[in-house]
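Here are my notes on this one, point by point. Have the model open while you read.

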Amino acid sequence: MKTQCFTPAEIAPAAEILRRGGLLAIPTETVYGLGADGLDPVAVTHIFEAKGRPQDNPLILHVPSADWLTRYCEDIPDTAYVLTRRFWPGPLTIILKHKPLIPDVVTAGLPTVGMRCPAHPVTRAIIERADRPVAAPSANTSGKPSPTTARHVLDDMDGKIDGVMDGGPCSVGVESTIVDLTVTPPRLLRPGGVTLEQLRDVLGAVEVDPAVTRLMSPGEKPRAPGMKYRHYAPNAPVTVVKGDPEETARYIACASDQGSGIICFDEFQPLFPGRVVETIGSADDEAAQARHVFDALRAFDSTHVKQIWSQCPPDEGIGLAVANRLNKAAGFHIIHLKK
Ligand code: TXA
Ligand code: MG
């Protein structure tokens, strides 16, 4: 199949792909999504095939506004509207009970569905034009780092999907925050662009699912099925070193060798001569780190590094999301340096 590339002026032909059951990669503020008509089970099956995604990992539905929630969801709590008023369109997915019209292949048979209204205006225009809720996981091959440019999408999906809308690089860079509103108190299932602190500000108590901060043991079932899989992983194994940035940089400089890849904060680059270095932003700029972390993880696959060492921000603000992606890329292989 030839994968067509669209520019933002081409909303109509892009929407047409969705209407006729095809696969279209869409830009969002978080990462690129691999979209299909969320009411068409055959189209949705093709998403799983293109990504090599396990069938028990449900997809989220993208809508252009909170007005669409009542089409697909029931027993919607007030907290849903409190959150959508504050954070939509934006990097927040809410888990709600769904109506029977949502195909099982979207939800992996769960009684709930993730709903998200992306901030990228081109994608909202495509969804409006298609007049369908768009089921879309991140547009990477399953297990690989999520794509934050149209180029990344083509690296994984060229020839496997009908089209990609190039909406430029993603402004947030890590996937949406997922909060489950079907439980009390609401539960954070995946940290992302909307921070835990922001959610607690609006909702009061919010629990954090254990899968956010540690590896699930074989018997355990995280509430977001996707959190149990190895994820975001470059070919070479990753070790994350946590602690004071000066100290972690010095530690990695000693522990790494010429064949190593390094993910570091900008200011420490000079400590790593002869290594393959990817900088992700300065130590105090977690928003920049979020924008660059997936690009950095992807970059090593076109090199010959045998091992990757990474610095990591503290678990605060959007740093919690960056740390979560790095920890998962490392299979939770983390070295904690004491103060
Ligand atoms: O930012 C994002 O959310 C991106 C863009 C494209 O919108 N999408 C994305 O989708 O990250 P995906 O499929 O890569 O991640 C969705 C996560 C998975 O971990 C999945 O298990 C979880 O959401 N999920 C989906 N439906 C769920 C449900 N009903 N209950 C619990 N978790 C759910
Ligand atoms: Mg994903």
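1. Start with the handedness of one helix pair: α4 passes α8 in a right-handed crossing (right-handed if the near helix is turned clockwise from the far one by less than a right angle, left-handed if anticlockwise). Helices here are DSSP runs (H or I, at least four residues), strands are E runs of at least two, and both are numbered from the N terminus.

2. A word on the basis: this is a predicted model, with local features needing pLDDT of at least 70 and side-chain atom pairs pLDDT 80 or more, while totals for chains, interfaces and linings use all residues. Residues count from 1 along each chain as its sequence is written, chains are lettered from A and ligands numbered from 1 in the order written, and side-chain values use heavy atoms, leaving out hydrogens and water.

3. Back to that pair: the axes of α4 (residues 78–87) and α8 (residues 196–203) come within 10 Å and cross at roughly 125°. Axes are lines fitted to C-alpha atoms over the stretch in contact, and angles run from 0 to 180 degrees between N-to-C directions.

4. Who touches whom? Thr79, Val82, Leu83, Arg86 and Phe87 of α4 meet Gln198, Leu199, Val202 and Leu203 of α8, with contact meaning heavy atoms within 4.5 Å.

5. Now compare α10 (residues 286–299) with α11 (residues 319–329): their axes come within 9 Å and cross at roughly 20°. The two are therefore roughly parallel, and their crossing is left-handed. The contact is made by Glu286, Gln289, Ala290, Val293, Phe294 and Leu297 of α10 with Gly319, Val322, Arg325, Leu326 and Ala329 of α11.

6. In α2 (residues 41–51), the buried residues are Ala43, Val44, Ile47, Phe48, Ala50 and Lys51 (buried is under 20% relative accessible area, exposed over 50%, partly exposed in between, with a 1.4 Å probe and protein chains only). They cover an arc of only 165° around the axis, which puts them on the same side of α2; the arc is that of directions from the helix axis to the C-beta atoms. Exposed Val42 and Glu49 sit on the face turned away from that side. The buried residues pack against β3 (33–37), α5 (104–107), β8 (134–135) and α7 (150–157).

7. Finally, Asp40 lies in the loop between β3 and α2. At 24% relative accessibility, Asp40 counts as partly exposed. Leaving aside residues up to four places away in sequence, Asp40 touches Gly21 and Pro103.

Note on methods
Parallel < 35°, antiparallel > 145°, perpendicular 65-115°, else oblique.
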